[in-house]
Amino acid sequence: SEVVEIQLAAPAEQETRPLSSDSEDTGEPEKKKAKTSASTSKLNCKLEERLNGILCCAVCLDLPNVAIFQCSNGHLMCASCLSHLLADGRLKDESTTCPNCRCEISKTLCIRNLAVEKAISEMPSECSYCLEQLPRHQLRSHENEVCQERIVNCKFERIGCPWRGPY
């Protein structure tokens, strides 16, 4: 790929910076660009960290635990952010647009991305009690039923024992 020199004039100085032909403006929010570029800049970066930046919601920038929708251009958003965007559009009496590419979105135009939902459910996540790495779809049942470090009430709580501690 060719490198083109672009000169940017600042008030007190001039700055020269290379611009490769493949570094186009992707329409991504600055916060997401920083998150994904910082994670991909390291050569020895874990795959999970890189996927986290790619598969996150375009609005809240978190990995969703709920349904994931996409606009007609493929930008991802979780169900709660989509409903907030649609509600905001109704309140303002305007058409709702994707926060990345500004294409129109609605409940009928956005579709679920089941492949991304499945990929996220298989990504590792850490138990908040024992710090064991588990697939995200197993984490809730592990923390609620299996984990030996989870906090439980005393088996005699029905007769007034206030003790709470590890299983």
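A contact means that heavy atoms lie within 4.5 Å. By that rule S125 touches E132, Q133, L134, R136 and L139, not counting residues up to four places away in sequence. The model is a predicted one, in which local features need pLDDT of at least 70 and side-chain atom pairs count only at pLDDT 80 or more, while totals for chains, interfaces and linings use all residues. Residues are numbered from 1 along each chain as its sequence is written, and side-chain values use heavy atoms, with hydrogens and water left out.

**Confidence**

- The predictor's confidence in each residue is its pLDDT, on a scale from 0 to 100.
- The chain has a mean pLDDT of 82, and 74% of its residues reach 70 or more.
- Over residues 3–24 pLDDT stays under 50, and for this stretch the model has 26 contacts beyond four places in sequence.

**Overall layout**

- Helices (H or I, at least four residues) and strands (E, at least two) are DSSP runs, numbered from the N terminus.
- The chain holds 5 helices and 9 strands.
- Their order from the N terminus on is β-β-α-α-β-β-α-β-α-β-β-α-β-β.
- A residue is buried when its relative accessible area is under 20%, exposed when it is over 50%, and partly exposed in between (1.4 Å probe, protein chains only).
- Of the 167 residues of the chain, 30% count as buried.
- Among contacts in the chain with a separation of 6 or more, 28% join residues 24 or more positions apart.

**Salt bridges**

- A salt bridge is a side-chain nitrogen of Lys or Arg within 4 Å of a carboxyl oxygen of Asp or Glu.
- The count by this rule is 2 salt bridges.
- One of them joins R112 and E117, with the closest N and O atoms 2.6 Å apart.
- R112 is partly exposed, at a relative accessible area of 44%, whereas E117 is buried at 17%.
- E122 and K118 also form a salt bridge, with the closest N and O atoms 3.6 Å apart.
- Both E122 and K118 belong to helix α4 (residues 114–122), where they sit 4 residues apart, about one turn of the helix.
- E122 is partly exposed, with a relative accessible area of 42%, and K118 is exposed, with 52%.

**Residues and their contacts**

- S125 lies in strand β6 (residues 124–126), and its relative accessibility of 16% makes it buried.
- H142 lies in helix α5 (residues 136–146) and is buried, with a relative accessible area of 9%.
- Leaving aside neighbours within four places in sequence, H142 is in contact with C127, C130, E132, L134 and C147.
- E149 is found in the loop between α5 and β8 (151–153) and is partly exposed, with a relative accessible area of 43%.
- E149 and Y129 are 20 residues apart along the chain, and their C-alpha atoms are separated by 5.5 Å.
- With neighbours within four places in sequence left aside, E149 is in contact with Y129, C130 and P166.

**The largest pocket**

- Rolling a probe the size of a water molecule over the atoms shows where empty space is left.
- On a 1 Å grid over the protein atoms alone, where a 1.4 Å probe fits, a pocket is an open set of points with protein on both sides within 12 Å along at least five of seven lines, and lining residues have an atom within 4 Å of a point.
- Grid points are joined across faces, edges and corners, and a volume is the space filled by probe spheres set on the points.
- The largest pocket holds about 320 Å³ of space.
- Its lining has 15 residues, and those nearest the centre of the pocket are P64, N65, R136, H137 and R140.
- Helices α4 and α5 each supply at least two residues of this lining, and α5 gives the largest share, 5 residues.
- By type, the lining residues of the largest pocket are 6 nonpolar, 4 polar and 5 charged.
- Here Ala, Val, Leu, Ile, Met, Phe, Trp, Tyr, Cys and Pro count as nonpolar, Asp, Glu, Lys and Arg as charged, and the others, Gly among them, as polar.

**Positive phi values**

- Most residues other than glycine have a negative phi.
- D93 is not a glycine, yet its phi is positive, at about 55°.
- D93 lies in the loop between α3 (79–92) and β5 (111–112) and is exposed at 72% relative accessibility.
- R102, also a residue other than glycine, has a positive phi near 65°.
- R102 is placed in the loop between α3 and β5 and is exposed, with a relative accessible area of 56%.
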